[in-house]
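Here is a short briefing on a protein structure. Look at the sequence and the model first, then work through the points below.

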Amino acid sequence: MYDAAIIGGGVTGCMIARELSRYDIKVILLEKEEDVACGTSKANSAVIHAGFDAKPGTWKAKMNVRGNVLFPGICEELDVPYINNGSLVVAVEEGEIKILEKLLNQGRVNGVPGLEIIGHDELMKMEPHLNPMSKAALYAPTAGIVCPYEFTIALAENAAINGVEFRFNSPVIKIVVEDGAFIVNTPYEFVKARYIINAAGLFSDEISKMAGAEEYTVTPRKGEYLIFDKKFGYLIKKVIFPTPSEISKGILVCPTVDGNIFIGPNSNDIKDKTDVSVTREGIEEIIEGGRKLVPELPLSGVITSFAGLRAVSNTNDFIIEASRKVKGFVNVGGIQSPGFTSAPAIAETVVEILKEEGMDLREKQNFVPTRPRKYRFREMDNLTRQKLIEENPAFGHVICRCETVTEAEIVDAIRRPLGAKSLDGIKRRTRAGMGRCQGGFCSSRVLSILARELKIDPRQVTKCGPGSEILKGGYKEFIAEKDMDEYLNTVEVESLSWKGGAADAL
Amino acid sequence: MLYKDLVIIGGGPAGLAAALEAAEQGVKDVMIVERDSGLGGILQQCIHNGFGLHVFKEELTGPEYAQRFIDRLENTGIEVLLDTMVIEITQDKRIFAVNSKKGVLEIQAKAVILAMGCRERTRGALNIPGFRPAGIFTAGTAQRYVNIEGYMPGKEIVILGSGDIGLIMARRFTLEGARVKCVLEIMPYSNGLTRNVVQCLEDYGIPLRLSHTVIEIHGKKRVEGVTVAKVDENLKPILSTAEFIPCDTLLLSVGLIPENELTKMTGADFDANTQGPMVNQWMETSCEGIFACGNVLHVHDLVDFVTMEAKLAARGAARYLKEKDGAYRQMSVIAGEGLRYVLPHAVGVEKMLDEKQNFFMRSTRPMKKAKLAIESENGTIKTKMLSYVKPSEMINIELGKSEISKAAGHLKFILQEEGASDE
Amino acid sequence: MSDKRNVTCIICPVGCRIEVEIENGNILNLSGYRCRRGLQYAKDEVTSPKRILTTTVRLKAEAAHVLPVRTRAPIPKSKLKEAMQELKNVSVAAPVNMGDIVLKDVAGTGVDVIASRNWS
């Protein structure tokens, strides 16, 4: 019997897992995907917001401001790159300055330190590539950026070291209350737990309903993004927001901790909670939005696009509360922006709620606040590199040339606690395949290493879990399966290589 | 620290030809640094025939073409470092590389030839809407799976882009029992060699759909199909022509980009059209003593021309090591109307290696009949009639010393279509 | 009953589209060619098209790797499928030298399949 079962391995679930791993209790985390950070947590802006956006008094406001304070320390402990680069909300039109003032006041009420409105000249000095028409901006020095999946993975690794059990490919299909405890069914097992923390993101409404707890709805709100090549990283240094609308902070231009720039997200309510497709209209919309702030953004510099879904609850605020209907069931739902920033504060709150609900929480003596050493060959100096290669020759074998990732780092990513099991798992842990060639060079090499380390056939290696196998067949496997004659006859084709066909030339 | 006269980065066709030619020119201390475990570069996975018609006057496969050069390395004294990745190069020709055996190597070279080749354009560069499932490969990556590792990355395949690798892979997949449903090309003409369109597509009845592109990728875990549509003259999809094609794999053959991460570290000047460094008549970049050849310089369609260019670079490097005067730029070469680029970017008649100089160029569009004019400040130097020029087929023009010496100020190449409307 | 076939000539970059009229395997008429070489090419293409087959065979080696091979000479197009089926079960032990015969007389064509590279 577990003391607590956390449903959902996003940043919220993993942060709660890490907080609970400080105490002498048995905790399990159930995740429907093959890895942590596979939903909203991997595809968001990853901005550590200062906290001026949310209305005073809301969960969002409280959690954001507190989360912003806690973030740097956690990143430090877990060796996760965090850059406190500050943010700017830019007024391009004169009329928008009023909005800046409103945000400034709101931020002060929320307790955000250091906010100020700066004028055109100072703004352009700060960010010379901004739209020269920009009138003024709200500068928030406490804002920062982080890598969202690396942060989430680090939390999970740390929780795992401290005894939290993780189950992957384990969607919750049924929850039964029996003798004051829960029995949670996944396709593989029955998990018995005294408390359930529902951090199921987009699906938290369904989980709450499944347990007979309070009913609410979560609507997926899609946001699309484009990522630019590192060579355009010089364009901006801070997080650049437009003035916000009622439902969204707008399309921002933002650096990543790895030196790229992204633009996005737009904001569209959709129905399908798994629809992370990028649309043509969406791409056009975010390009237009991004260029409003930074007109020089080069379209040819885009290396990839992606979409993420925000989990928007019908209360339009976070839901962080113990169920009044089902004892021991805690809902942590509707964690949309600024959810990522808020995660540390949400986890603190959840611990308090669990105490109130009667959970016996005694701190462990042997809690380990760190995770195993993380190697980043590309950031090392040559002396360190030399020493590492002498210790382990696999550090001398560069697998991903764009991001300079070595074989040793890929093997480490597989062997670490909650190690990578797929190409995406490797990518999110090492950046192999995330550079400008997008895995063109390294993916087949990473695939071989995965097969070797996991002792599986290369055909079983996936991109992101079952059903996403990279290879369709083995050596000459498709030969003689069908009659090739139909293809071997010379058939008239639509056209020739040369416009209009060569016959026209006569 | 190691000291070398000439370091060649990359052991593919360009690097091999450059190394051998340099040795032949009397350069004693030559080293090839190659990141893979063997030499030959991309040729080792280009197992099809069609290589060497110009250089060897016979038709070879890629591995055979490479093997001819590899065999010649013996007894030349050329040093080869395999499994070694160059991670940094400075303007003063200091190279940092890593491998498993020696760790971080620091090499000071007197001259460098860059021969790193190119990489493939990816889906991101095209911004194709839809999901991001397994089953999307660049043609070259798929080629490696099939031809080197012996796996089949797909069974029901749609190919986007009619670049040569895509056409070649259409045939390869078909022979290996997979089904290639069609090849889509956004332009109104193919980007591959005619021979490949005929022998790789027509032979197997694979439709080539010109002026078509993929507008959406379907499938959350693995590709389940693509939506394709015709494009208008501005290459914008005509949504009313959208059509769903079920498939498990989308292959991209949408262009190659010179791989110049290292070149950029040297601070060399770049040509925005080739996306490679600017070179003079010796294939020397704007950094003295640093030369470039092959696909790192501009993307070639025939390996034979890579070999020719590499030899030129090697002779340039040999000359530089002897004469010590580099970064020479007497007269600039300009790509005028009708041409995307012309190489080399600068030339000077006093310091030519031979009595003639080769110029490589690509047209901006297909032309049935075209007049190539070479002009300078004091008038037209030469004109030449060309037939059937295509952007996908590189044009190679030779100018004699006497012709170049007639020019003043610059050499401007102009390609004009002749009698375009009368046929 | 005569049948019409289109052949795209690949001898030179012009790429003539040659129309061939055939009846019972005999060529009745050819049109659209511009030179003798094109005429011959179209005739061969219609009566006995041949291709060099390039593919891979299994390599008995440590690393996951296949060996590139080719037919020494062009073989009839109609035999490509049979040749691929025969080659499916061929495997070669290292060391191999370029030009080594991997399979003799593939698909009864009289043509050998040879290795395209060295492998040690």
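Helix α6(B) is mostly covered, with 7 of its 8 residues buried. This is a predicted model.

**Helix α6 of chain B**
- Which residues of α6(B) are buried? They are T194(B), N196(B), V197(B), V198(B), Q199(B), C200(B) and L201(B).
- Part of the cover comes from chain B itself, including α5 (164–175), β12 (179–185) and β13 (208–210).

**Where chain B meets chain C**
- The contact takes 20 residues from chain B and 22 residues from chain C.
- On the chain B side, α2 (62–73), α4 (139–149) and α6 (194–201) each supply at least two residues.
- Which helix gives the largest share of the chain B side? It is α6(B), with 4 residues.
- By class, the side of chain B that touches chain C has 6 nonpolar, 8 polar and 6 charged residues.

**Where chain A meets chain B**
- Here 61 residues of chain A are in contact with 62 residues of chain B.
- Several elements of chain A each supply at least two residues to its side: α7 (280–293), β18 (302–313), α9 (382–391), α12 (443–454) and α13 (485–488).
- The chain A side divides into 25 nonpolar, 23 polar and 13 charged residues.

**Nonpolar cores**
- In soluble globular proteins, nonpolar side chains tend to be buried together.
- How many residues does the largest nonpolar core have? It has 309.
- The residues with the most contacts inside this core are A5(A), A18(B), I113(B) and F291(B).
- Helix α8 (residues 303–323) of chain B gives the most to this core, with 10 residues.
- Take I113(B): leaving aside neighbours within four places in sequence, its contacts include L6(B), I8(B), A18(B) and F291(B). I113(B) also touches C293(B), A313(B), A314(B) and A317(B).
- Another core, of 22 residues, lies apart from the largest one. Among its residues are M84(C), V96(C), V106(C) and A107(C).

**Domains of chain B**
- The domain assignment gives domain 1 (1–120 + 255–327), domain 2 (122–254) and domain 3 (329–423) of chain B.
- The C-alpha centres of domain 1 and domain 2 of chain B lie 31 Å apart.
- Their contact takes 7 residues from domain 1 and 13 residues from domain 2.
- On the domain 1 side, these residues divide into 1 nonpolar, 4 polar and 2 charged.

Terms used:
Residues numbered from 1 in each chain as written. Chains lettered and ligands numbered in written order. Predicted model: local features only at pLDDT ≥ 70, side-chain atom pairs only at ≥ 80, totals over all residues. Domains from an automatic or database assignment. Contact = placed C-beta atoms within 7 Å. Nonpolar A, V, L, I, M, F, W, Y, C, P; charged D, E, K, R; others polar. Core = buried A, V, L, I, M, F, W, Y, C linked by C-beta atoms within 7 Å. Buried ≥ 20, exposed ≤ 12 C-beta atoms within 10 Å, placed from the backbone.
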